[in-house]
There are 2 protein chains.
Amino acid sequence: MYCLFKFAPLFLALAVCQGWLFGDFVGKQKELDEIALWPLPQKFQSSAAAFKLSHSSFQIIHSKQSSAGPSCSLLENAFRRYFEYIFGDMKKQEKSRKKAYDSDLAELQVWITSADPECDGYPSLQTDESYELSVDQPSAVLKAANVWGALRGLETFSQLVYEDDYGVNNINKTDISDFPRFTHRGILLDTSRHYLPLKVILANLEAMAMNKFNVFHWHIVDDQSFPYVSRTFPELSQKGAFHPFTHVYTPSDVKMVIEFARMRGIRVIPEFDTPGHTQSWGNGIRDLLTPCYSGSSPSGSFGPVNPILNSSYDFMTQFFKELSTVFPDAYVHLGGDEVDFSCWKSNPDVQKFMAQQGFGTDYSKLESFYIQKLLDIVASTNKGYMVWQEVFDNGVKLKEDTVVEVWMGNNMEEELQNVTGAGFTTILSAPWYLDYISYGQDWQRYYKVEPLNFPGTDAQKKLVIGGEACLWGEYVDATNLTPRLWPRASAVAERLWSDKSVVDVGNAYTRLVQHRCRMVKRGIPAEPLFVGHCRQEYKGL
Amino acid sequence: MYCLFKFAPLFLALAVCQGWLFGDFVGKQKELDEIALWPLPQKFQSSAAAFKLSHSSFQIIHSKQSSAGPSCSLLENAFRRYFEYIFGDMKKQEKSRKKAYDSDLAELQVWITSADPECDGYPSLQTDESYELSVDQPSAVLKAANVWGALRGLETFSQLVYEDDYGVNNINKTDISDFPRFTHRGILLDTSRHYLPLKVILANLEAMAMNKFNVFHWHIVDDQSFPYVSRTFPELSQKGAFHPFTHVYTPSDVKMVIEFARMRGIRVIPEFDTPGHTQSWGNGIRDLLTPCYSGSSPSGSFGPVNPILNSSYDFMTQFFKELSTVFPDAYVHLGGDEVDFSCWKSNPDVQKFMAQQGFGTDYSKLESFYIQKLLDIVASTNKGYMVWQEVFDNGVKLKEDTVVEVWMGNNMEEELQNVTGAGFTTILSAPWYLDYISYGQDWQRYYKVEPLNFPGTDAQKKLVIGGEACLWGEYVDATNLTPRLWPRASAVAERLWSDKSVVDVGNAYTRLVQHRCRMVKRGIPAEPLFVGHCRQEYKGL
């Protein structure tokens with residue numbers, strides 16, 4: 001009574017199984033249309049046998065064998081969250097439970113198999129996110145080594161549940177064995193070009209979890225504003241934010257973002273980009289930036305971080321020491337992109353320093369000089385680092401565990417080849433700059449990218465650990481960010497999670513239409529792919 | 001103590017006056033940055049003398065000479081609305097008023113000068129929207145022939161008020177004489193490709209009033225769905241809407257839209273496009289659409305309205321009779337665009353009819369035959385009509401007062417020349433299809449359009465009565481419509497209201513940045529133009 005499909009589109013698979021099992025194909029088809037897994041699991045079996053779920057009897061519980069129990073608040077929170085996704089906010093999990101009927105699915109047992117469930121830990125690059133999910137009567141069982149895999153499985157379980165014509169929740173007999181293809185699946189949000197209220201960040205972390213993204217790359221500061229409130233250097237945001245009180249992230253805001261993300265298995269990697277992209281830093285920290293010259297006198301404007309002063313490195317030492325305690329992730333993103341040399345070139349002190357160091361007129365050597373010192377500073381805080389590709393391109397000596405982010409679209413394949421050829425892990429964001437918008441279904445373009453489609457050995461391919469969808473902030477803020485990001489980023493989510501063979505755009509469309517309605521139902525204003533409607537339209541504005 | 005500027009950018013004008021009047025130019029400049037009129041009035045004088053407005057003493061009242069009084073609920077509602085825009089929702093106009101201080105602006109007197117203020121009327125193509133506004137101590141006076149001009153003046157008055165550094169509302173001594181350059185300034189929303197909840201439509205009517213738009217072109221039905229609930233033919237929406245209960249506009253919904261629009265001086269012109277774009281009509285009305293043939297037998301699919309059956313015209317007669325009572329505006333939009341002839345060509349009965357009528361194989365003659373009969377039907381309901389340009393292009397005989405809408409971008413100038421050359425009034429939407437999105441500040445492209453830039457006599461130019469920004473619905477619904485429309489449509493608003501000479505994009509940028517923050521403050525999620533921030537960011541998601 002089973003159909004086995006490995007790496008096949010679930011939606012079609014179910015429809016086919018279904019026709020095989022039942023006479024009334026058309027009638028039942030409608031129900032099964034409601035099931036649309038996104039991203040598609042690696043392996044699954046499904047049957048047309050359906051069980052009902054009642055909000056007054058169904059429960060999500062710790063299995064007896066599980067190493068986690070009610071004290072695991074990460075899971076307890078997730079149980080409540082997914083219960084509410086399935087049954088709606090109004091129907092709380094009641095104290096006085098009713099008995100399940102024989103035809104019901106009575107419970108989902110969550111079984112954490114390893115000795116340490118990591119309830120109070122943080123996800124990392126090494127995190128095992130795999131899980132196994134078996135839905136059968138009277139219990140479904142979700143098995144994972146730790147809470148991180150359990151979170152992914154809970155999302156999948158919730159996606160398997162569908163409403164029939166009477167509004168009754170159903171789930172089909174199903175077996176799933178799932179794991180991500182890539183370990184780094186990120187979203188970059190930019191809170192410098194526009195300030196994003198906390199509410200917007202948290203809502204997008206919710207949406208990320210719905211799409212099994214696991215890294216929030218927080219491009220928190222840049223030229224335009226410095227909203228990060230530093231305990232060590234409060235003047236950075238006091239003078240560098242759009243507004244020192246209303247447009248900042250306080251230490252408790254940052255903590256909340258990190259904890260909210262952790263509860264959803266999402267790493268928070270902050271980016272503090274230097275030596276370029278630092279105009280807003282200069283407002284608060286005297287002498288940090290290089291004074292530009294117009295002829296023989298200072299022009300009044302400033303360039304990148306001043307690389308010739310010890311005070312710059314003293315500042316960075318203190319600042320990154322603070323960051324290493326604020327952000328628990330093992331990595332911090334150090335930027336290093338798009339350094340403009342014109343200001344350095346104009347400054348006579350910098351010129352003198354160049355001569356002393358024997359750099360000639362090659363300012364990329366000065367850039368490397370700065371970055372090298374910064375990397376050593378950060379390494380001394382016991383953090384690993386991520387950098388934009390220029391840092392690698394300029395020949396800076398990088399720690400072995402550095403993650404190089406390839407963002408330039410013009411020469412992407414060669415760059416992947418070079419970075420991995422040099423033995424560095426890399427992530428890809430070049431094809432996924434979602435701030436570039438156009439008319440029509442551009443999600444398909446993002447979907448069709450194959451990250452390993454570059455010349456290289458198997459060992460090189462293994463060094464590509466994932467990618468990121470980047471929504472730079474020049475044209476987005478709280479008014480339009482969420483619908484612009486979703487479901488376009490969902491295309492990237494499936495590319496980074498599902499098997500390489502999952503490439504059918506037509507099937508993806510069918511599932512994604514439903515997945516976006518599911519996001520809308522859960523309160524995320526994900527924009528439509530094309531003409532049509534959701535059973536429940538967005539309630540906000 | 002006055003600076004007089006006619007047709008000059010107010011923002012700069014004020015800054016200049018300001019420097020002239022005060023020593024502390026820089027300090028005061030900041031206050032005046034807050035004033036950004038959009039669209040820019042036709043004539044104004046402004047001085048730097050500023051008066052304060054207190055929420056506990058300031059009031060908006062009917063002047064003693066006014067023909068309108070407290071029984072004019074349109075104005076009473078507008079007074080409350082603008083009071084709340086100025087002072088925030090929390091601060092209600094209290095019963096026990098305090099006395100205004102000598103330095104305050106105590107009141108705005110609204111003076112309707114004509115005998116009939118039109119409190120219970122509807123705006124029309126002939127409506128006089130001009131107004132005069134004089135702000136001085138102790139009273140400001142807003143003078144208009146009728147309520148419609150008063151509404152425009154109230155918007156302008158509210159835009160003149162700015163908060164100083166202490167959060168106190170100020171307004172400068174000002175004289176404004178204003179009127180629209182074009183009489184038809186429309187927004188097209190499409191509720192067929194996606195259903196738009198009432199809330200979304202109403203919010204966008206609010207935003208339209210903030211931009212002095214005065215026509216809501218409601219593209220209410222199309223191929224994809226038929227959400228309009230007809231009393232005469234309820235089966236149209238029962239079978240043609242995405243959902244017969246949740247995705248429809250009931251008679252009371254439609255009434256609410258019309259009344260909400262009326263209160264803001266906005267005409268509602270519904271579009272019922274035939275004979276093409278009617279797939280959804282065919283679900284409810286048997287035999288309305290032409291059966292397409294595949295060889296000698298019906299293919300099962302349907303084409304445009306069947307033009308050879310009397311029943312089609314009987315239906316249209318009844319249906320448009322209903323519409324003529326539901327929609328008070330003197331015009332209804334009959335569409336008539338993009339008729340695909342392939343189905344008609346395939347149908348043997350249509351072929352026979354063509355021969356009988358002596359149309360040969362020229363199916364545009366059949367199209368004209370249909371349209372001609374429809375126009376006569378609609379004319380018999382005492383309505384005027386608007387049509388898309390094809391109807392004119394195909395040589396259909398049109399009533400003298402027909403408004404032809406030019407939407408094709410490829411040959412726009414020639415089309416304007418032809419339509420006006422034939423003596424028809426016309427509106428332009430070709431350059432303003434806002435559903436086409438692209439990266440960056442495309443509002444500038446919309447802003448730079450000069451609608452009268454086509455070869456023709458003065459008499460021809462006078463026939464161009466305005467234009468419309470069209471947001472077709474293929475890719476927009478409740479999740480993303482409002483930020484996609486605003487402030488991009490604001491560019492069209494100023495082009496259609498302000499003087500021809502108002503073309504400075506740099507100045508427009510400065511004002512529009514503030515105007516969009518004003519919309520955000522009033523609850524409209526208008527997206528950012530570029531990097532920056534609003535004092536109050538959007539509170540929703």
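# Report on a predicted two-chain model

A:His277 is buried, with a relative accessible area of 12%. Here, buried means under 20% relative accessible area, exposed means over 50%, and partly exposed covers the values in between, with a 1.4 Å probe and protein chains only. The structure is a predicted model, in which local features need pLDDT of at least 70 and side-chain atom pairs count only at pLDDT 80 or more, while totals for chains, interfaces and linings use all residues. Residues are numbered from 1 along each chain as its sequence is written, chains are lettered from A and ligands numbered from 1 in the order in which they are written, and side-chain values use heavy atoms, with hydrogens and water left out.

## Chain A as a whole

Chain A contains 19 helices and 18 strands. These elements are DSSP runs numbered from the N terminus: helices (H or I) have at least four residues and strands (E) at least two. The radius of gyration of chain A is 25 Å, close to the 24 Å given by the globule rule for 541 residues, and chain A is therefore as compact as a globular protein of that length. The radius is taken over C-alpha atoms, and the rule is 2.2 Å times the number of residues to the power 0.38. Along its principal axes, the C-alpha trace of chain A spans about 85 × 50 × 45 Å.

Of the 541 residues in chain A, 61% are buried. The accessible surface of chain A comes to about 20,300 Å², and carbon and sulfur atoms account for 52% of this area. Such areas come from the Shrake-Rupley method with a 1.4 Å probe; for residues, only the protein chains shown count as cover. Among contacts in chain A between residues at least 6 apart in sequence, 74% join residues at least 24 apart; a contact means heavy atoms within 4.5 Å.

Chain A carries 52 positive and 64 negative side chains, and the centres of the two sets lie 5 Å apart. Lys and Arg count as positive and Asp and Glu as negative, whereas His and the chain ends are not counted. The place of a charge is NZ of Lys, CZ of Arg, CG of Asp or CD of Glu.

## The nonpolar cores

A nonpolar core is a set of buried Ala, Val, Leu, Ile, Met, Phe, Trp, Tyr and Cys residues joined through side-chain atoms within 4.5 Å. The largest such core has 293 residues, and A:Phe157 and B:Phe157 touch the most other members. Apart from this core lies another of 9 residues, among them A:Val339, A:Trp344, A:Phe359 and A:Leu366.

A:Pro307 is in contact with residues including A:Trp344 and A:Leu366, when neighbours within four places in sequence are left aside. A:Pro307 itself belongs to the loop between strand E13 (297-305) and helix H9 (310-326) of chain A.

## Loops and backbone features

A:His277 has a positive phi of about 55° although it is not a glycine, and its place is in the loop between E11 and H8 of chain A. The loop between strand E11 (267-271) and helix H8 (279-284) of chain A also holds A:Pro275. The peptide bond from A:Thr274 to A:Pro275 is cis, with omega near 0°. In chain B, the bond from B:Thr274 to B:Pro275 is likewise cis, with omega near 0°.

B:Asp287, in the loop between H8 and strand E12 (289-294) of chain B, also has a positive phi, near 70°, in a residue other than glycine.

## Selected residues

| Residue | Relative accessible area | Class |
|---|---|---|
| A:Pro307 | 1% | buried |
| A:Asn169 | 9% | buried |
| A:Ser438 | 26% | partly exposed |
| B:Thr183 | 31% | partly exposed |
| B:Asp287 | 48% | partly exposed |

A:Asn169 lies in strand E8 (residues 169-178) of chain A. The C-alpha atoms of A:Asn169 and A:Asn382, 213 residues apart along the chain, are separated by 49 Å.

A:Ser438 is found in the loop between strand E17 (425-428) and helix H15 (443-447) of chain A. Residues up to four places away in sequence not being counted, A:Ser438 touches A:Arg445 and, in the other lettered chain, B:Ile437.
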